[in-house]
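Please open the model in your viewer and keep the selection tool at hand. This tour goes from one selection to the next and says what is found at each stop.

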Amino acid sequence: VIRCRAAVAWAAGKPLSVEEVEVAPPKAGEVRVKIVATGICHTDEHAFEGSFPNVDFPVIPGHEGAGIVESIGEGVTYVKPGDKVIPLCLPQCGECSFCLNPESNYCVKSHLASPQNLMPDKPSRFTCKGKQINHFLWLSTFAEYTVIPECAVAKIDAAAPLDKVCLLGCGFSTGYGAAINTAKVKPGSTCAVFGLGGVGLSAVMGCKVAGASRIIAVDINKGKFAKAKELGATDCISPQDFKKPIQDVITEMTGHGVDYSFEVIGNPDTMISALASCNVNTGVCVMVGLVSSGKVIAIDPMLLLSGRTWKGTLLGGWKTRDEIPKLVSSYLEKKFNSDLLITHTLPITKVNEGFDLLRAGKSIRTILHF
């Protein structure tokens, strides 16, 4: 058993509390990882606010991390102690029908199939003050040490800086992949990205790398426009500056709507706007933002009957254990610069300050370190 620090959410809606927790050794098929750095993602806030499905309290949030394997359980062959890894919020078991399908990046062991509050054998590996603490997405990267199933870690290049590539565990990979893999943005095309947080700006980067000729960035926070333009946006607009629906503004700017639109907020109304802003017949709208549990969307069927395509993306369409290491290699080869998304670095003891920066729209990505 290892005793270490972790940020614990004792109840929904309460600030996180940095505590000493006990972390049990890994069992068969599991890996214990020393987390070096972890990003603050909006999904974590959804979790401890109680708006993310299948979260049981108390829980240690965090899912956008990077670390070093400390020890392995019986039967683990993929990694060894000392290996650098990125924990995967979307596992890749390599055995289910989805993993075996080259066009799929889903896995039946994901949280969309069953809760990941406990390890597969049901007990938690965390305790604090004599109480069992639940896992989040099997990862709980807000703990200095965490235990993860082997299928939910990706071994990465030993040269990778963990305090930078941790973003590839969720935010960057999701937005960048939404453009590259899910939408398959074509050279010379037009794009609109709704929401300029870390994931939205990553989508902007993906559109640029794919060769889009025009990238319209949409957000009510104009403080993010300079960063969006630095990363590739050609136009930045705020819905608050217009008296007409933003989809009408985008349609007028482009003639018939954009070729690709991305909703990276998780707001039902904005999702309709993003869908309506793309080309009436051949436009593709990708749903990237996480909608709070229980929310529903009502749409005019003609938005789709006219020919538009509306699709979602899971972690940017990457087959995680196969492709996240390749994405890390691309980072090391300077094919993209995800470092530009990092605006703040804080110790784990200031985790609540990091979330305050996120809520205030003052940060793109805050990295926590232990």
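**Stop one: a pair of helices**

In this predicted model, begin by selecting helix H1 (residues 42–49) together with helix H11 (residues 351–359), whose axes come within 11 Å and cross at roughly 110°. Angles of 65 to 115 degrees count as roughly perpendicular, and H1 and H11 therefore stand roughly perpendicular to each other. Now show the side chains at the contact, which involves His42, Asp44, Glu45 and Phe48 from H1 and Phe355, Leu358 and Arg359 from H11. Coloured by class, the contact of H1 with H11 shows three nonpolar, one polar and three charged residues.

**Stop two: the sheet**

Next, select the six strands of the open sheet, which follow the order S12-S11-S10-S13-S14-S15 with parallel pairing. Strand S12 (235–237) and strand S15 (309–312) are at the edges and have a single partner strand each, so one side of each is left without a neighbour in the sheet. From one strand to the next, the twist averages 15°.

Moving to strand S14 (residues 284–287), you will find that S14 pairs with S15 in the parallel sense over four bridges, and that cysteine 285 stands opposite tryptophan 310 in S15.

**Stop three: helices on the sheet**

Finally, select helix H8 (residues 268–277), which lies across S10, strand S13 (260–263), S14 and S15 and runs at about 175° to S13.

Technical notes:
Residues are numbered from 1 along each chain as its sequence is written. This is a predicted model: local features need pLDDT of at least 70, side-chain atom pairs count only at pLDDT 80 or more; totals for chains, interfaces and linings use all residues. Side-chain values use heavy atoms; hydrogens and water are left out. Two strands pair if DSSP finds at least two bridges between them. Helices (H or I, at least four residues) and strands (E, at least two) are DSSP runs, numbered from the N terminus. Axes are lines fitted to C-alpha atoms, for helices over the stretch in contact, and angles run from 0 to 180 degrees between N-to-C directions. Contact means heavy atoms within 4.5 Å. Angles under 35 degrees count as roughly parallel, over 145 as roughly antiparallel, 65 to 115 as roughly perpendicular and the rest as oblique. Ala, Val, Leu, Ile, Met, Phe, Trp, Tyr, Cys and Pro count as nonpolar, Asp, Glu, Lys and Arg as charged, and the others, Gly among them, as polar.
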